[in-house]
Amino acid sequence: MTCPAAAAALLLLAASAGPALAQDARPWTVGGRIGAVSDYRDRGYTLSAEDPVVQGEVTVSHASGLYGGVWGSGIDEYGVGADGDGARIEVTLYAGWAGAISGFDVDLGVWQNIYPDGEDVNYVEFPLEVGRTFGDMTLTTGVVWAPSQTGTGNEANTWIWTRAEYAPEAWPVSLHAALGHEDGGFAPDGKTDWRLGVAAPVGPVTLGLDFVDSDTEDSAVVASVFWGF
């Protein structure tokens, strides 16, 4: 999927939802979560030098499917490359549309990744994911594409991934597994990453434990705790 196609599709969805936003009296909703992870692993890479960090997110959503929000995490100052000296926080501003199309759950958006105090490391990405639930199993696949820009080393980058989640209502936990492959500015020689994990909701708190690995970095067991609101 190309950047122009992603941008055009997002604009088309926003335009088609415009009249609904003007006429629909249904309220907007606000949700999010805040918590911590023992190691911030993104696509197999550690961005916190294997140290624990705090993370949080707030999303505003409309019944039409349009949404927007902000996500943030602590990082190691070298987590985004040597040119990122001084960047200790990662902030992602995002917007998009999520809804059902022909029985599939579709989510199309745009991410602006910002590293305060970093140098030439900010970049924009266009994610698309499609999923479907079969009983207790949900299968999702997606692609995150970044055009060539300074923050990607002046090379385009593509990460393709697939995820399976098994969550029986009678179980106190859910199981998940994911596999991804990245190629481009962030992985010049190509990189495959994967994870296996379990999540346990305890009231508004979700506890997680994941085994994360890739063919370019050492594996890790990552613990997480998040409070949702």
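The questions and answers below concern strand pairing and loop residues.

This is a predicted model, in which local features need pLDDT of at least 70, side-chain atom pairs count only at pLDDT 80 or more, and totals for chains, interfaces and linings use all residues. Residues are numbered from 1 along each chain as its sequence is written, and side-chain values use heavy atoms, with hydrogens and water left out.

Reader: Over how many bridges do strands E10 and E11 pair?

Author: Strands are DSSP runs of E of at least two residues, numbered from the N terminus, and two of them pair if DSSP finds at least two bridges between them. E10 covers residues 157-166 and E11 covers residues 174-184. Their antiparallel pairing extends over 10 bridges.

Reader: Is threonine 152 buried or exposed?

Author: Threonine 152 lies in the loop between strand E9 (137-146) and E10. Buried means under 20% relative accessible area, exposed over 50% and partly exposed in between, with a 1.4 Å probe and protein chains only. Because its relative accessibility is 2%, threonine 152 counts as buried.

Reader: To which class of accessibility does aspartate 120 belong?

Author: Aspartate 120 is in the loop between strand E7 (104-114) and strand E8 (123-134). Its phi is positive, at about 55°, although the residue is not a glycine. Since its relative accessible area is 53%, aspartate 120 is exposed.

Reader: What is the relative accessible area of alanine 49?

Author: Alanine 49 occupies the loop between strand E3 (45-46) and strand E4 (53-61). Alanine 49 is partly exposed, and its relative accessible area is 39%.

Conventions: Helices (H or I, at least four residues) and strands (E, at least two) are DSSP runs, numbered from the N terminus.
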